[in-house]
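Work through these exercises with the sequence and the 3D view side by side. Try each task before reading its solution.

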Amino acid sequence: MPRRLTPPPLGLYVHLPWCVQKCPYCDFNSHALRGDLPEHDYTGALLKDAMRMAPEVDGRVIQTIFIGGGTPSLFSADAITRLLTGLRGELAIAPDAEITLEANPGTLDAGRFEGFLGAGVNRLSIGVQSFIDAHLQRLGRIHGGHEASAAIKAARAAGFERINVDLMHGLPGQTLEEAVSDVETALALGIRHLSHYQLTLEPGTAFHHRPPVLPDDDALADIEAACARRIAAAGLRRYEVSAWAVPGEECRHNLNYWRFGDYLAIGAGGHGKLSFCDGRIKRYSLVRLPRHYQALAGTPDAIAEERIVAPAERPLEYLMNALRLSEGAPMAEAVARTGLTPDAFAAGIAAGRQRGWLVGDPERLAPTATGQRFLNDLLGLFLDAESA
């Protein structure tokens with residue numbers, strides 16, 4: 001049986017599911033907008049669900065809020081103001097909470113940035129993906145490279161000090177020089193946090209159904225290494241597999257995910273995780289279709305699935321998150337967050353160290369450089385331990 005748990009830090013994820021159009025690589029719960037955006041009714045549904053969930057986190061304070069999608073920047077500043085004001089009425093939110101909003105350069109104008117800042121948003125995550133128009137077109141993006149640069153400059157001019165840029169690499173037909181050029185353009189704009197993802201062909205997407213030709217493994221390795229060198233030379237530190245930041249500028253909300261923290265989720269298709277003092281760890285997901293979510297929000301029927309994470313599953317679930325971090329995690333934290341003893345991790349740790357994929361420090365679970373490159377194989381050692 002798992003031991004009693006001290007609940008970890010708590011975040012809140014808010015899902016706004018609409019986009020102008022669905023990108024061919026996207027496997028998120030996002031929906032191309034048809035007709036008018038129902039922002040008033042949907043915001044009301046979110047607040048109903050927050051009120052329903054509030055008793056489960058009574059006495060706990062939300063440290064971070066992430067408004068993701070979809071394309072949240074389709075929502076007006078007034079709607080975001082209503083949302084954040086209403087959330088503060090239902091939940092205990094720290095005065096210095098990090099509040100992030102995802103934005104698409106193709107849905108923004110300078111006035112919206114000021115409105116989002118006034119609403120209480122203090123961090124933007126801008127989905128650039130590339131600054132090269134030809135690649136943006138292949139990705140189905142609705143903005144061009146010039147719009148992306150202009151959006152970043154406008155956000156800074158409006159007063160945002162914390163801005164993340166999302167870039168993808170390994171794009172169809174992308175050369176090493178083009179990938180490095182994207183990185184250099186972002187860095188030249190003064191970016192202090194960069195998410196740098198490799199494009200993958202996810203099941204259920206248009207790209208998976210009709211795969212484009214991507215760079216081969218050798219070319220991908222060269223692109224990743226060249227971009228990593230350039231980002232590091234600019235003073236950003238790789239703190240997670242796909243995330244780089246100037247020290248102190250890391251995304252607090254995402255760090256809470258990687259450290260196996262808790263998070264409420266509201267919005268169509270949202271996924272949440274909650275830990276309880278009696279040793280339970282619960283995961284849940286909400287109904288995916290926006291119109292169904294709006295109709296059911298505030299009632300138990302809004303929950304599509306709910307399960308208790310079994311003790312045998314917890315080492316793998318914990319390490320799927322913690323081993324994404326360059327620094328890994330203290331063994332003491334792994335024990336505290338899972339409610340298990342070190343013995344539950346022992347077999348996988350021994351196998352990982354034997355292969356040179358985990359550092360030898362007995363007080364810390366951390367990948368070596370090789371382990372970070374072969375992270376799925378490393379995690380597979382704990383999957384084997386789970387099924388043993």
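## Exercise 1: a strand pair

Strand 12 and strand 13 (residues 281-286) run antiparallel, joined by 5 bridges. Two strands pair if DSSP finds at least two bridges between them. Helices (H or I, at least four residues) and strands (E, at least two) are DSSP runs, numbered from the N terminus.

This is a predicted model: local features need pLDDT of at least 70, side-chain atom pairs count only at pLDDT 80 or more, and totals for chains, interfaces and linings use all residues. Residues are numbered from 1 along each chain as its sequence is written, and side-chain values use heavy atoms, with hydrogens and water left out.

**Task.** Find the bridge partner of serine 275 in strand 13, then describe the turn.

**Solution.** 
1. Serine 275 has isoleucine 281 as its bridge partner.
2. Now check cover. In strand 12 (residues 271-275), 4 of the 5 residues are buried. Buried means under 20% relative accessible area, exposed over 50%, and partly exposed in between (1.4 Å probe, protein chains only).

## Exercise 2: the faces of a helix

**Task.** Which residues of helix 6 are buried, and what covers them?

**Solution.** 
1. Locate helix 6 at residues 176-188. Its 13 residues reach 18 Å from first C-alpha to last, close to the 18 Å expected at 1.5 Å a residue. The expected span is 1.5 Å times one less than the number of residues.
2. List the buried residues: Ala179, Val180, Asp182, Val183, Ala186 and Leu187.
3. Look down the axis of helix 6. Its buried residues fall within an arc of 150 degrees, so they line one face of the helix. The arc is that of the directions from the helix axis to the C-beta atoms.
4. Turn to the other side of helix 6, where Glu177 and Ala188 are exposed.
5. Identify the cover. It includes strand 6 (123-129), strand 7 (163-169), strand 8 (193-198) and helix 8 (217-233).
6. Glycine 190 follows helix 6, with a positive phi near 85 degrees.

## Exercise 3: a residue in a loop

**Task.** Is glutamate 249 buried or exposed?

**Solution.** 
1. Glutamate 249 sits in the loop between strand 10 (243-245) and helix 9 (252-258).
2. Its relative accessible area is 17%, so glutamate 249 is buried.
3. Leave aside neighbours within four places in sequence. Glutamate 249 then contacts Arg162, Arg192 and His193. Contact means heavy atoms within 4.5 Å.
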